[in-house]
Amino acid sequence: MATTPGPTRWLFGDQLGPHFLGDTESPGDDGEQPVVLIESRKVFTRRRFHRQKAHLILSAMRHRAAELGDRCTYLRTDTYGEGLARLPKKALPLSVCSPTSRQAEDLVRSLDGSGDLPAVEVLPARGYATPREDFRRWADGTRQLLMEDFYRRARRAHDVLMDGAEPVGGQWNLDHENREPPPKGADDLGLPHPWMPEEDEIDEEVRADLDRWEADGDVSFVGRDGPRAFAASRTEALAALDDFVDHRLPAFGPHEDAILEGDEWMAHSMLSAPMNLGLLDPLECVDRAERAYRDGDAPLASVEGYVRQLIGWRDYIWHVYWYAGSDYTRRNALEAHEPLPQWFWDLDADAVEARCLSHALRGVRDRGWVHHIPRLMVLGNYALQRGWDPGELTRWFQRSFVDGYDWVMAANVVGMSQHADGGLMATKPYASGGAYINRMSDHCRGCRYKPTVRVGEDACPFTAGYWWFLDRNAKRLEGNFRMKRALDGRHRLKDLEDLVVQERERGSEAP
């Protein structure tokens, strides 16, 4: 029996799935609950977003409004406050699931009916596997926020890949099976091309609006426009999930950390963007993947790796965003203050000769997306080596990636990538030289730089940059036992002095 419609649900643009409707006891069972969606132009005017990210967000919101039909009041305004002030009385009272950013949460919690705007009932957050209060209890009782410990708790709590009280297969983490380099001599993984959406009249309208706003000078974008590559509706998201589980999940694990220039998607799910729009719930994706393993359609290592990304890593960085406090993105333990260069802000891949960095920037420019290894070990690694400001870098990732949001990038960039939180998340900086990139990709074989060369015209900017980073941060890192061998190793370099001069002169110029 359907539930009685509750208060009108205000949905933000990243709360578009059915699980954001209904009451706390029966999420998704909405009883024809009325909905309000507010398309705020100011969101796009105050930041320079990637063109394809702006398109995806607006397309997803408008697709959701079309699905809901007469149940939805859809307002196009400059600000959220303007939209709330224009709501008809029949749309009240209002409720909203707790938003995903501090700014939005502060807004909804300030709406108590005391001013000109209506009161809003704020419900607990949805779209994550572990409630915020559960994470806080765990975090308050532990000395270090180890993701692996959190992940095991989540597996037990949701009975995922468990055999009674023990993990299926006897091991919690099969990451050691999922670190293979790309197949030698291969241009791609030989997988079917992933599912892609077909644009419709809603996309045409969005593109026309964005063109007009840009021509009028209201907004400015980075990156290139292009056919929408990611799901913008619930139906599309489920089709993308089915396609991933059926065709790429079996191959996902072994090469999830590998890069091939001829295979932009590899075996990755392409579900982060629709999931971060709220079109999929992580637990339904986990359930779908586990069924593939139980049915013998996908190996355990691939399924465990995917599950760990969702109820482990994704949930973990969501919670760190809230737990670590509002000043987290201002942390700068390594005192990195260099501004991001304009070629990086502009995604100018053509200005870069280093093949790995140029290829990663090109992927961001053309698609607003590259997978986690180019993000961490190419883009983030280079920024770390150059001493770029972690707060600026966080904003760059938020704006340039179709799946980038405040909560997504804060812990990923400040903690994981730039070690700016001093080790709250990672026990050592994720810095590496060209040898890692050479092992895990096919970039180096066509690059003008040589990964084994530190000094001179052929010196790899990543290899030289790695040693420059260590030398520059030696005093800050000397107490880290995991860095001792690397720090000691720099003293054996006979060309260290020349290397430091070379990299200081290179600075933040496009390599």
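## Aspartate 246 and arginine 288

Aspartate 246 is partly exposed in this predicted model, with a relative accessibility of 48%. Aspartate 246 forms a salt bridge with arginine 288, and the closest N and O atoms are 3.4 Å apart. Because aspartate 246 lies in helix H8 and arginine 288 in helix H11, the pair ties together parts that are 42 residues apart in sequence.

Arginine 288 also meets the side chain of aspartate 242 in a salt bridge, at 3.1 Å from N to O. This pair links distant parts of the chain: arginine 288 belongs to helix H11 (residues 282-294) and aspartate 242 to helix H8 (residues 234-247), 46 residues apart. Arginine 288 has a relative accessibility of 16% and so counts as buried, the cut-off being under 20%. Aspartate 242 is partly exposed, at 34%.

## Other salt bridges

The whole structure holds 47 salt bridges. One of them joins the side chains of glutamate 199 and arginine 207, at 2.8 Å from N to O. Glutamate 199 is partly exposed, with a relative accessible area of 32%.

## The sheet

Five strands make up an open sheet with parallel pairing, in the order E3-E2-E1-E4-E5. Strand E3 (72-77) and strand E5 (120-123) are the edge strands, each pairing on one side only. From one strand to the next, the twist averages 25°.

Strands E1 (residues 8-11) and E2 (residues 35-40) pair in the parallel sense over three bridges. Arginine 9 stands opposite valine 35 in E2. Helix H2 (residues 51-68) lies across E2 and E3 and runs at about 155° to E2.

Key:
Residues numbered from 1 in each chain as written. Predicted model: local features only at pLDDT ≥ 70, side-chain atom pairs only at ≥ 80, totals over all residues. Heavy atoms only, no water. Pairing = 2+ DSSP bridges. Helix = DSSP H or I, 4+ residues; strand = E, 2+ residues; numbered from the N terminus. Axes fitted to C-alpha atoms, helices over the stretch in contact; angles between N-to-C directions. Contact = heavy atoms within 4.5 Å. Salt bridge = Lys/Arg side-chain N within 4 Å of Asp/Glu carboxyl O. Buried < 20%, exposed > 50% of the residue type's maximum accessible area, 1.4 Å probe, protein only.
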